[in-house]
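Here is a short briefing on one structure.

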Amino acid sequence: MQFDTHNKLSPSSVKLHWLVAIMMIALLSTGLIMEKLEWYAMYPWHKSFGVLIMVFVIWRVVWRIKNGWPSHAGDYTQIEKTLAKIVHWLLIIGTVMMPISGFMMSAMGGHGVALFGLELVARNPDPSNPAEVIVLNGSLAQAGHVMHGLGGNILIVAVVLHIVGALKHHIMDKDGTLRRMLGAEI
Ligand code: HEM
Ligand code: HEM
């Protein structure tokens, strides 16, 4: 198995980073849009990809525990090191908490969860009006909703800071931070 070195990141680190990054950006934007526009046709897709990403998130966390964080590719100042550490932790925690809170909100709210049509948690229809659902556990559903909404907003700020940082290293410092995450040897 290939581990990260200072000059080159392993294929696992690079592939998992970009796969999770693209899915996270897509889920954050579709989540916000579908909720604002009440675009209900999007909900099953959002939930399915939200559940699917969990596989890669767990894989990534296990990989980070085995491999450790990558070393700094350039001459980071102390404040940059601290900021990068905080943001990387927020991103990792966010990628774990968002699917869990989304799942909790939908399952406990009685709406059910399916993975591309495969039922994981059944919907709980109201017998007197099957178009509506009965909540299974109101406090857990509410906690999931608050975590999903608040977590989503915190994560968006962290992702923006993260992208600005990556571009700063690439354009201003001209160091190998971004090239190394793209798989290049620096
Ligand atoms: C990494 C995974 C996920 C991300 C980044 C994500 C992101 C988001 C965001 C940003 C919103 C808008 C929240 C708001 O403004 O209040 C949202 C809404 C929503 N998400 Fe997710 N989500 C993920 C996974 C899931 C999963 C696994 C489920 C359910 C199984 C789910 C179910 C929902 C539902 C039902 C809404 C709409 C809530 C409403 O209408 O009040 N999400 N998501
Ligand atoms: C266009 C978007 C993105 C760019 C250009 C980008 C770029 C980078 C770069 C250059 C690094 C290496 C930093 C270093 O060596 O100090 C990195 C690491 C990292 N990125 Fe991103 N990233 C993006 C999106 C995301 C997203 C959406 C997430 C998660 C929500 C994310 C999570 C992480 C994490 C946790 C690390 C730490 C190393 C690792 O665990 O792989 N990134 N990113």
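A residue counts as near a molecule if one of its heavy atoms lies within 4 Å of it. Around ligand 2 there are 22 such residues, and His17, Arg60, Arg64, His162 and Arg180 come nearest. The model is predicted. A search of the whole structure finds three salt bridges.

**Ligand 2**

- Arg64 has a side-chain N or O atom 2.6 Å from an oxygen atom of ligand 2.
- Tyr76 also faces an oxygen atom of ligand 2, with a side-chain N or O atom at 3.3 Å.
- His162 places a polar side-chain atom 2.7 Å from a nitrogen atom of ligand 2.
- Five helices, α1, α2, α3, α4 and α5 (177-181), each supply at least two residues of this shell.
- Helix α1 gives the most to the shell around ligand 2, with five residues.
- By residue class, the shell around ligand 2 holds 14 nonpolar, five polar and three charged residues.

**Ligand 1**

- The shell around ligand 1 has 23 residues, of which Glu35, Tyr43, His46, His145 and His148 come nearest.
- A polar side-chain atom of Tyr43 sits 2.6 Å from an oxygen atom of ligand 1.
- His46 has a polar side-chain atom 2.8 Å from a nitrogen atom of ligand 1.
- For His148, a polar side-chain atom likewise lies 2.8 Å from a nitrogen atom of ligand 1.
- The elements that give two or more residues to the shell around ligand 1 are α1, α2, α3 and α4.
- The largest share of the shell around ligand 1 comes from α1, with seven residues.
- This shell divides into 13 nonpolar, eight polar and two charged residues.

**Salt bridge at Arg64**

- Side chains of opposite charge can pair when their charged atoms come close.
- Arg64 and Asp4 meet in a salt bridge through their side chains, at 3.6 Å from N to O.
- This pair links distant parts of the chain, 60 residues apart: Arg64 is in helix α2 (residues 43-67), and Asp4 is in the segment before α1 (11-37).
- Arg64 and Asp4 are both buried.
- Arg64 is also among the residues that come nearest to ligand 2.

- Glu80 pairs with Lys168, and their closest N and O atoms are 2.4 Å apart.
- The side chains of Lys168 and Asp173 meet in a salt bridge at 3.0 Å, N to O.
- Glu80 has a relative accessible area of 17%, so it counts as buried, the limit being under 20%.
- Lys168 is partly exposed, because its relative accessibility is 27%.
- Asp173 is partly exposed too, with a relative accessible area of 35%.

**Nonpolar surface patch**

- Trp69, Trp89, Ile93, Met97, Ile100 and Met147 make a nonpolar surface patch of about 540 Å².
- Helix α3 contributes the largest share of the patch, four residues.
- Ile100, one of the patch residues, lies in helix α3.
- Why does Ile100 count as partly exposed? Ile100 counts as partly exposed because its relative accessibility is 37%, and that class runs between 20% and 50%.

Key
Residues are numbered from 1 along each chain as its sequence is written. Chains are lettered from A and ligands numbered from 1 in the order in which they are written. This is a predicted model: local features need pLDDT of at least 70, side-chain atom pairs count only at pLDDT 80 or more; totals for chains, interfaces and linings use all residues. Side-chain values use heavy atoms; hydrogens and water are left out. A salt bridge is a side-chain nitrogen of Lys or Arg within 4 Å of a carboxyl oxygen of Asp or Glu. Buried means under 20% relative accessible area, exposed over 50%, partly exposed in between (1.4 Å probe, protein chains only). Patches are made of residues with over 30% relative accessible area and no salt bridge: like charges are joined within 9 Å, nonpolar side chains (Val, Leu, Ile, Met, Phe, Trp, Tyr) within 5 Å. Accessible areas come from the Shrake-Rupley method with a 1.4 Å probe; for residues, only the protein chains shown count as cover. A polar contact is a pair of N or O atoms within 3.5 Å; within protein, one must be able to donate a hydrogen and the other to accept it, and residues adjacent in sequence count only if both atoms are side-chain atoms. Ala, Val, Leu, Ile, Met, Phe, Trp, Tyr, Cys and Pro count as nonpolar, Asp, Glu, Lys and Arg as charged, and the others, Gly among them, as polar.
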